Amino acid sequence: IEYVEEAVEAVDKDKWKGIAVYVDHIDGVIHPVTYELIGKARELAKKINHPVYAIMMGHHIGSQCEELLHYEVDKVFVYDKEELDRFKMEPYTKAFEDFVENIKPTAILMGATPVGRQLAPRLAARLKTGLTADCTILDINENTDLVQIRPAFGGNIMAQILTPNHRPQMATVRYKVMDAPERKDAAQGEIIRCNIDSKELASKVSVLDIIAKEKEQFIEASEVLVVAGRGIKKEEDLAMLKELAELLGGQIACTRPVMEAGWLEAKRQVGLSGRTVRPKLIITCGVSGSVQFTAGMNNSEQIIAINKDENAPIFKAAHYCLVGDLYDIIPNLISQIKAGKTVSA
Amino acid sequence: MNILVCIKQVPDSNKVEVDPVTGVLKRNGVESKMNPYDLYAIETALRIKEKLGGSITALTMGPNQAAGVIREAFAMGVDHGVLISDRKFGGADVLATSYTISQGIKKSGTYDLILCGKQTTDGDTAQVGPEVAEWLGIPSLSNVSKVTELKAGSMVVEMDMTHEIEIAEIEYPCLLAVDKDIFIPRLPSFVKKQETKDREIRVITLADLEDREEKHYGLNGSPTQVQRIFPPEVNNHREVWNGEGSELTGRLLSKLKELKFA
Ligand SMILES: Cc1cc2nc3c(=O)[nH]c(=O)nc-3n(C[C@H](O)[C@H](O)[C@H](O)COP(=O)(O)OP(=O)(O)OC[C@H]3O[C@@H](n4cnc5c(N)ncnc54)[C@H](O)[C@@H]3O)c2cc1C
Ligand SMILES: Cc1cc2nc3c(=O)[nH]c(=O)nc-3n(C[C@H](O)[C@H](O)[C@H](O)COP(=O)(O)OP(=O)(O)OC[C@H]3O[C@@H](n4cnc5c(N)ncnc54)[C@H](O)[C@@H]3O)c2cc1C
């Protein structure tokens, strides 16, 4: 079937100016994806000579919104109202709509967080505009059309998408896809306090409680895995691999012999007779790389292998092959990561 | 309780390929099935009905053969089926899809609760649910991982917000997009399948809708345009690093920083 598109009324693109970033936060703690999007927005805005905006909604967020001025945002629009205390779909959509009507940004970028993933579509439908989900690459044409590239079909296909006849153009982006800019010591740009009538902010949803979640214990759910193989000499040495895993925001996993030794639980074993994992990053330490092991992890996005035997089969599966003794690498790496964390904190 | 469940027919495998010459998806010979995430929405509806009574309608928008997923829903215990189908609806993005579905919903009845899956395995946007709710002007919640309480005018649910669980109360009528694992979906029953094989599926076309303006549907009603599709880059990258322990550590640290893990 051929779908024929009729001529569409052209939108006046010159009336829409600026790249806006939604400031994703919980109780004033800004989600780092926000800074990554500001970095991307600046790069895009520069190409078309537009300003960069941030929009933040919440309650008692005075000092937090000032932090944004250290990231070269031209204007931060702030809706500070009791009704906007926690994310609630209807009032947040209303305030956002108010911002779009008044400021008319050409594009809006939002983090693909649990909040962004529901607020963005609600707003897009309200504005009757397009929304591209989970973009991994964003670029902009001279005529201000946003070039949006995203995976679909579970990552088996990439699609390049344009929103040529509608403004604003909307896109969500996952955390850790774009690069965060450096924080500048000097603050620049201005904060604009926006008001909206409380009557407009009614909600048919009330948040009753918020409970911190226990850390996910399944290795399949972890984005980062550090795998212990038989190259680990004694059980106590697992502590350093656990520590490394924690520092990288991940979990420890193992090969079958390590599990059979009773050093780690069966649910942490990767491989044919264990779990199949597909993390963003996997670091194997002292793992030879038998086919039974690699069958459970060879679709991982980034595979880093440490083995002192340069002929170890794991190096055929790995993207980065570190030929060396794990005991010469892991302890130093841990202390350097820790040192780096204290500097930037 | 009048419950509507939105379900979509998707290709049986998401290992699709792009024709290198034409740049279009090779769909030939690919079997279809119900979007697996929608099974959880159906199960949720069935559990709620077991508690409160009422009826469940499954609705899908798609070509005629999409009626297959309605039959599957019948075999799980769903009472009624609606197929929104018209050639004019083809090529729709999320905005046009959700608008068409909302128009079809208005035509087909009134519901206290609308349930959607978390996402599909083909388009994979997770945007249809919240957009349908906006078109209907009703509240919605996504990431619903548990139904805690069913009250007369509202329900209490839990939402999985990555690092925390949020408990919220939402008034009817409303829309929920449920997570995988909210309940374990039951298997279709052969007996029910036989019983329902002649059950009527209501078909709604453009001519039946309140808004019949063609420009609002299908490709014409879609602000986003897919310009091209292509296979993702495969990671064939391979680097071998030799050297002293300290040198390897330094290189590893830089790589971890570059990949944004450290
Ligand atoms: C039916 C079947 C199913 C199986 N299923 C699984 C499965 O699910 N998962 C699984 O893991 N295995 C499985 N196995 C076992 C598998 O065949 C291997 O025996 C196992 O994976 C080897 O584990 P390993 O790499 O930890 O140990 P080894 O093969 O002993 O490798 C240890 C590696 O560590 C290196 N090394 C030693 N010291 C150091 C050091 N100081 N620094 C750096 N490197 C060092 C060595 O060079 C060596 O390459 C299965 C086997 C069978 C027959
Ligand atoms: C490669 C590719 C990329 C795409 N990217 C985008 C994009 O970024 N933005 C965009 O607007 N469109 C996009 N589309 C189009 C979009 O996938 C389809 O328009 C589709 O109609 C709706 O989106 P979905 O499959 O992502 O559903 P989701 O939003 O993931 O589905 C969520 C839930 O909504 C319900 N639902 C969804 N579709 C139907 C239906 N037809 N009938 C009944 N219930 C349904 C189900 O309960 C489902 O579980 C893309 C299509 C392709 C092929």
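**The ligand 2 site**

A: Ligand 2 is surrounded by residues from chains A and B, so the site is shared between chains. The model is predicted: local features need pLDDT of at least 70, side-chain atom pairs count only at pLDDT 80 or more, and totals for chains, interfaces and linings use all residues. Residues are numbered from 1 along each chain as its sequence is written, chains are lettered from A and ligands numbered from 1 in the order written, and side-chain values use heavy atoms, without hydrogens and water.

Start with the shell. There are 32 residues around ligand 2, where a residue is near if one of its heavy atoms lies within 4 Å. Cys6(B), Lys8(B), Asp38(B), Ala92(B) and Thr125(B) come nearest. By class, the shell holds 15 nonpolar, 11 polar and six charged residues. Here Ala, Val, Leu, Ile, Met, Phe, Trp, Tyr, Cys and Pro count as nonpolar, Asp, Glu, Lys and Arg as charged, and the others, Gly among them, as polar.

Now the polar contacts (pairs of N or O atoms within 3.5 Å). A polar backbone atom of Cys6(B) is 2.7 Å from an oxygen atom of ligand 2. The side chain of Lys8(B) places an N or O atom 2.6 Å from a ligand 2 oxygen. Asp124(B) has a backbone N or O atom 3.2 Å from an oxygen of ligand 2. The protein buries 93% of the 940 Å² that ligand 2 exposes when taken alone; these areas come from the Shrake-Rupley method with a 1.4 Å probe.

Which elements give two or more residues to the shell around ligand 2? In chain A they are strand 7 (131–132), strand 9 (146–152) and strand 10 (157–162). In chain B they are strand 6 (55–61) and helix 3 (94–108). Helices (H or I, at least four residues) and strands (E, at least two) are DSSP runs, numbered from the N terminus.

Turn to ligand 1. This ligand has 25 residues around it, and the closest are Arg230(A), Thr255(A), Gln269(A), Ser288(A) and Asn307(A). Its shell has seven nonpolar, 13 polar and five charged residues. One oxygen contact, at 3.0 Å, is with a backbone N or O atom of Leu272(A). A polar side-chain atom of Ser290(A) also lies 3.0 Å from a ligand 1 oxygen. A nitrogen atom of ligand 1 is 3.2 Å from a backbone N or O atom of Lys308(A).

How values were computed: Polar contact = N/O pair within 3.5 Å; in protein donor to acceptor, adjacent residues only side chain to side chain.
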